[in-house]
Amino acid sequence: MKKVQLRCPAGNLPAVKEALNNGADAVYIGFASPTNLSNFSGLNLSYDDAKQAAAQAHELGKELYVVINSYPQKDELDSAFESIDQAVALGVDAVIVSDMANMEYINRHHPELPIHCSVQTGSANAETINFWHENFKADCVVLPRVLSVDEIEHIVKNTQVSIEVFALGSLCTSYPGRCNVSQYITGESTNTRGVCTSPKFLDFKEDERDITLRLNNIALNKLEGCQESDSIYECKGHQGCEVLQHRKDGWDNSFIVNKRHVCKGQFINASVGTKGYLMHDNVILNTLGILSRLIEIGVDAFKIEGRQRPSTYSGQATRIMREAIDCYYADPEKYRVNPAWEAEMSVMFPEMNSSVGPYLGR
Amino acid sequence: MNQDKKINIAIGPAPYNWGKPQLLDFYCRELADTNVQAVYIGNTICHKRNILSRDDLRKIVAALNNRGIKVYYSSLALSTTSEEFNYVKDVAPLFDGLEVNMLGFFNMLKHDEFQNLEIILGPYLNLYNWRSAAYLKKFKPKRLVAPFEISLENAADIAEKSQIPIELTAWGNLSTALSWRCYTARAVNRSRENCDNICFKYPEGMLLKTVEGEDLFRIDGLQVQSAKTHCLVEHLDKLKENGVSTVRIYPQLGHTAEIVDTLAQVLEGKQDAKASLEYLAPYAPSGFCNGWLWGKAGWEYVAA
């Protein structure tokens, strides 16, 4: 039986090592430029680091992929093509791309380079996946997190293209490649600049009780502090006080930065008179409980999300998924979710619940 | 480039879930005396809203064709089932053409019954540069509807270098995101699978405000739109200078005919753009925006 592959994220060289040492079959990286969807300051690899990453992967008999999946505009095509040339020079095993101009360039100039269609292509049906194969010889498509398991099974049965699905990590509610919310609020988005809700647009104002988060002057959230005592500084902790624990040991900026995504904001639905987190739940994607089913319907690879996360995450997440996959193949009938994996997940993703997203229904 | 030619007006596919009587009234009566050259029909967001029968569609196409208007079917932007594909295959031949919003629909065009359809490259195809657009010239597109978020400069570059006429959205609540989740169903504690077409109760979508009370988004089922109305009435001359062939007006519940008429008057030089903006203000209850045209945040408004 062909074993499902495990493809893992790395935002820097240490993360590459962590993923490889913990059982990744392939590691995917991005260059430090707007050519990929995690174009954050201090993240991604220089050419020299990427060269080392390729050497490390190949020494272990593993694969390295480069992500070039933003959509180049008017004056950006040449730099996208240069990134492809660089990836080829590194000897990478595939590039993960979205834009047709990039695919056409690869077919013309590097016909042997395998093309993996990025999740940003939003390829949610066999017809579209077959379009990529027939027109650009795409080898693999990363499915968007919009499909049920039954729909994935239908796709697998109706294409010869290898199918990769997200197994672990962030769970965006948007249809990949078709979300312009960040562009609407900030003028930059994943498609255009490789960045969703860039922290540089984030601002917050704190008063005695609350913290108001703003993204480019638009209020995304008001984190309400203590309503029982005089101020959040004196609060001893009570249900509903969202900011206290992040304040008492000093300011934790990452708490705010992680709440910057527009879809995770708090809004008022004026039509039905509700207020709350109306778009997004505080969840992460965790498919450990349906791993058997995903393997049995014939998916070819599992992807762990999270190039933007710390290198330790790349190691931990890879190890958990590796153990789970190996556990399944050791004896499919006896596969069960190990409580230790779940315990580790709750440390990796504090205060977040696990979800299978749309896989079991929407 | 289209600099010397007249800019045409097209009516984009109706958003929300208006119900059959409202849709028939809109296409057969409200648009009857408007100065439009093309109309797009079909729900790009949710297949469950495709409630018009083949006979209804034939009737609408005939009524509009009689007035010299081309009628296109707009495909879904996100399709995950065979049923949805088969529906498009079934109804597309009733129309003059097909707006393709998902690449998979191109596979369908190999078959004879679709050979005579005029092809429009839809805004959800993510054609951000001229090379990608030019790749699709093999399908002989009549024109390309620019992705919502690209600037006029980029749109003009695509049109000039790909030599595909370009259509730009000039009026409407902008599509800012599609989701696997139905936000309308979620707002009333229903799942997408068991929504019972609850969006029918919200023919203007659901207004989302910020925690400070500012209008920010409009919920349209699986789609999140801008609450503000994207309006280019002050910049129609710039569109002409940049070779735009067609402007798209997204319909809204009521007053679409007045909006079309106003833009048509400005395009013909019969009405002042600034005065028109004032006239149109009541039809944009959350205010105007057009920042994307200038490479800015979409919610901003740049005056002429």
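Two strands count as paired if DSSP finds at least two bridges between them. Strands β10 (residues 211-215) and β11 of chain A have five bridges between them. The model is predicted.

- Strands β9, β10 and β11 of chain A make up an open sheet, in the order β9-β10-β11.
- The pairing in this sheet is antiparallel.
- β9 (202-206) and β11 (218-223) of chain A are the edge strands, each pairing on one side only.
- From one strand to the next, the twist averages 20°.
- The five bridges link β10(A) to β11(A), and these two strands run antiparallel.
- A:Thr212 has A:Lys222, in β11(A), as its bridge partner.

**Helix α2: length**

- Helix α2 of chain A covers residues 47-59, which is 13 residues.
- At 1.5 Å a residue, α2(A) should span 18 Å, and its end C-alpha atoms are 18 Å apart, so the two values agree.
- A:Gly61 follows α2(A) and has a positive phi, near 75°.

- Which residues of α2(A) are buried? They are A:Ala50, A:Ala53, A:Ala54 and A:Ala57.
- Seen down the axis of α2(A), these buried residues fall within an arc of 100°, so they line one face of the helix.
- The cover over the buried residues of α2(A) includes α1 (13-21) and α3 (77-90) of chain A.
- Strands β2 (26-30) and β3 (63-68) of chain A are also included in that cover.
- On the face of α2(A) turned away from the buried side, A:Asp48 and A:Glu59 are exposed.

Notes. Residues numbered from 1 in each chain as written. Chains lettered and ligands numbered in written order. Predicted model: local features only at pLDDT ≥ 70, side-chain atom pairs only at ≥ 80, totals over all residues. Helix = DSSP H or I, 4+ residues; strand = E, 2+ residues; numbered from the N terminus. Expected span 1.5 Å × (residues − 1). Buried ≥ 20, exposed ≤ 12 C-beta atoms within 10 Å, placed from the backbone. Arc of directions from axis to C-beta. Contact = placed C-beta atoms within 7 Å. Axes fitted to C-alpha atoms, helices over the stretch in contact; angles between N-to-C directions.
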